[in-house]
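Open the model in your viewer and keep the selection tool ready. We will go stop by stop.

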Amino acid sequence: MAPYAVSNGQVERPVRASSSRRHKERRERMDAEEETERTNPPRRSTHSRRNSTARPPTAGDATAGSTPRSSRPSTSGRTPRSTRNSTSGPRPTAKPSLTTPRAVPRAATAATASNSTPRSARDSSRSNKDSPARRPSRPTVTTVPRDPARTRRSERRDHPEPEREAFIPAEIRHHSRDAELDGAPDGIDRPKDKREGERKKGKKRKSAAGAAASAAHNKHHRSKSKDKRVKEKAALLGAGDEEQGPRERKKRLNCGKCFWLLVAASVLLLIILIPVGVLVIGKKKDNGANGDPALGLGKGGEESNIDSIDPSSIPTDAKGTKLDPFTWLDTKDFNLTYTAQTVGGLSVMGLFDDYDDSTRANSNVPPLTETFPYGKTPIRGVNVGGWLLVEPFITPSFFEGYSENMGVVDEYTLSKKLGPKTAKETMEKHYSTFVTETTFKEIRDAGLDHVRFPFGYWAVMTLEGDSFVPDVSWRYLLRGIEWARKYGLRVKLDLHSVPGGANGWNHSGREGVLGWLIGKNGDANGEKTLKIHTQLATFFAQPRYKNIVTMYGLVNEPKMITLDPDKVISWTEQAYDVVRAAGYKGQIIFGDGFRGLSKWKGVFAGKSGMLLDVHQYTIFNTNQLSLSHSDKIKFACTTWATEMESSLDTSTGFGPTMVGEWGQADTDCTKYLNNVGVGTRWEGNFFVESTGETIDKPSCNGGKNCSCEKANADPSDYSREYIQFLKTFAEAQMDSFEKGWGWMYWTWDTESATQWSYKKSIAAGIIPKVASERDFSCETSIPDFASLGLPETY
């Protein structure tokens, strides 16, 4: 029933007769064929799927009164056997188009027809050349038999035929539409029963010619080929999908729509997933608290908007607690999705899951993804002091409203005076505003590459009787670290205050209290501090902090001139073991304890990755304070530089050494620097009631007329010589400290003390705008500031 005839080497399509006549002819032809096959049943095909051989015409073929198949035109939908089974002629190797015959050059088509079609078939075609059912030749199509169900739409519209479902055999009506859409090439069987399906899986797909031969021998088998069933149905209905029943047409149309919808959905899904996959690969994920969607961690964006959070998502028992974002003053850059997850007992609430370590602070240092070459490349950093632990001289506004007899002199007494509710509101407002994302951008722009984060133990532990605001500063610490990461700045954690107090100064949170490793509760406080380090080290051993928190401080400025040095050293060894056992692999920092650098030679032998931290100031020692301006620069370039070099040499000192605090202020005139209500050494009115320490003589060079007026003046009133001195003094210290592992300036900003603020010093021109771009080095001559007209009285 194929609609093609071959003539003169070309494949031609006969002209259709009228619909009713053609239908009648087809029915008569089909009845005749069925009668013939009942009397001469065909043998079961034994052809190979691909290498079928031609079968010569049999007697049964002639007996049926029909033209031998090798010579008659194909009008019943069968390709001539000699053509289908030919091993010498070309075979179709690709699936024909579902809409049009595949075009080939005219010469190739003629060659194919002449080589693959027996002479008898070509002669028969020529004998029918003038047949009235013949259509004009189609010059550029292949000899592959064409499925009538795939007739071009334009042709179907030219010859519409009525639907005749009454004549559709039952086996065609129950034909599975899935088989029609399985994409099989013309002439290839698609078995319906289990046996044929298994045979299909075990062998290669039939060639078009071999499959057609097999179909001819097995048309009454219950696993009739899809193409034969489709062709029989097309013979009854006419030809074309548009002449099928309305139910089938609608079903096929709907499934077609479904198919393209699925394709569109798949493409859309790929568009979404591929960038997300790249994003996930480009950004590192933590294997613990972060990276698990069940923890409520997010990717950024809406989670920082409290309006996007459903209040009912906060469990009842968490409402009003530190885990309730509706109680937070500041939600910027916090993940507000609730989670009770902890690492090391410390909350991850507020953290986003994603982070990017590809940034670098400047061209002098490697990006965060690469190891910082400590000892080879100098550390150039700054502290964010007075932020997570309030210091009176950095933020004097907290203390100016109280008289001296009220005893508000530090964060402990301030919080106690305010009360829990007001203290929380006051401290959180300070945490939120004193250091912002802009802070870290400005630090990066100043050519710095490290930030030291001083914080108090109350960020992670609450002690009975404490007035410190608990827990709140913890999430601000974590957010600050993420901001540092954003600008390529590495972080040094600094536990600036420990239970009991390690030095008794106000910058430890509580003035006059020294109860760490000393006194009745000293050992217990030492154990509590070890517990804090177990938690902190476990938390910051997470992979997300590997590249960013590269330095870990154990305790700030233990007062070893009062504490038992051996006890402090023993505790430090325990703390080292605790931190390493928790998995932290960065540098572990211990303070010199005011013993002097030479005293640390040979201590902590065998404990790798330890770094000695010394804090260098000239203003808390009256002998240094009384040096002239030029001599202070000389002291920095000689004495401090020599000490650093000696400490680096393990034959004379500890080894790795850095300066964790320093400044260029040359007086102790800054308000509240020595404590609230305490005078200055510079002017000779220094008195500390708790210790009885008194300095009643001026300490400026010459000891006369020492005044704090010029030192505390607005920078716009500084003389040119004073500006030059302050900048030179700063650059001399930078140069000296880089003889060791480097330095971290104290501090980034203050409310009003310019000489203690790196940020304000840049604006005033008394420190380099970019840390690595300096005008002075210790190798150049030191100016004589007295001869330049700078008074020694300020």
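Select helix α13 and helix α14 (420–434): the buried residues of α13 pack against α14. Helices here are DSSP runs of H or I with at least four residues, strands are E runs of at least two, and both are numbered from the N terminus. This is a predicted model: local features need pLDDT of at least 70, side-chain atom pairs count only at pLDDT 80 or more, and totals for chains, interfaces and linings use all residues. Residues are numbered from 1 along each chain as its sequence is written, and side-chain values use heavy atoms, leaving out hydrogens and water.

Stay on α13, residues 411–418. Which of its residues are buried? Pick Glu 411, Tyr 412, Leu 414 and Ser 415. Buried means under 20% relative accessible area, exposed means over 50%, and partly exposed is in between (1.4 Å probe, protein chains only). These four sit on the same side of α13, because they cover an arc of only 165 degrees around the axis. The arc is taken from the directions from the helix axis to the C-beta atoms.

Now look at the ends of α13. Asp 410 caps the N-terminal end, with a side-chain oxygen 3.3 Å from the backbone nitrogen of Tyr 412. After the helix comes Gly 419, whose phi is positive, near 85 degrees.

Next stop: salt bridges. A salt bridge is a side-chain nitrogen of Lys or Arg within 4 Å of a carboxyl oxygen of Asp or Glu. A search of the whole structure finds 27.

- Select Asp 330 and Arg 479, whose side chains meet at 3.0 Å, N to O. Asp 330 is in the loop between α12 (246–282) and β3 (342–343) and Arg 479 is in helix α16 (residues 472–486), so the pair ties together parts 149 residues apart in sequence. Both Asp 330 and Arg 479 are buried.
- Select Lys 671 and Glu 400, a salt bridge at 3.1 Å, N to O. The two are 271 residues apart. Lys 671 is partly exposed, at 45% relative accessible area. Glu 400 is partly exposed too, at 45%.
- Select Asp 749 and Lys 760, which meet at 2.7 Å, N to O.
- Select Asp 357, Glu 482, Arg 485 and Arg 544, which form a network of salt bridges.

Finally, zoom out. The protein has 22 helices and 14 strands. Of its 794 residues, 52% count as buried.

Key
Contact means heavy atoms within 4.5 Å. A polar contact is a pair of N or O atoms within 3.5 Å; within protein, one must be able to donate a hydrogen and the other to accept it, and residues adjacent in sequence count only if both atoms are side-chain atoms.
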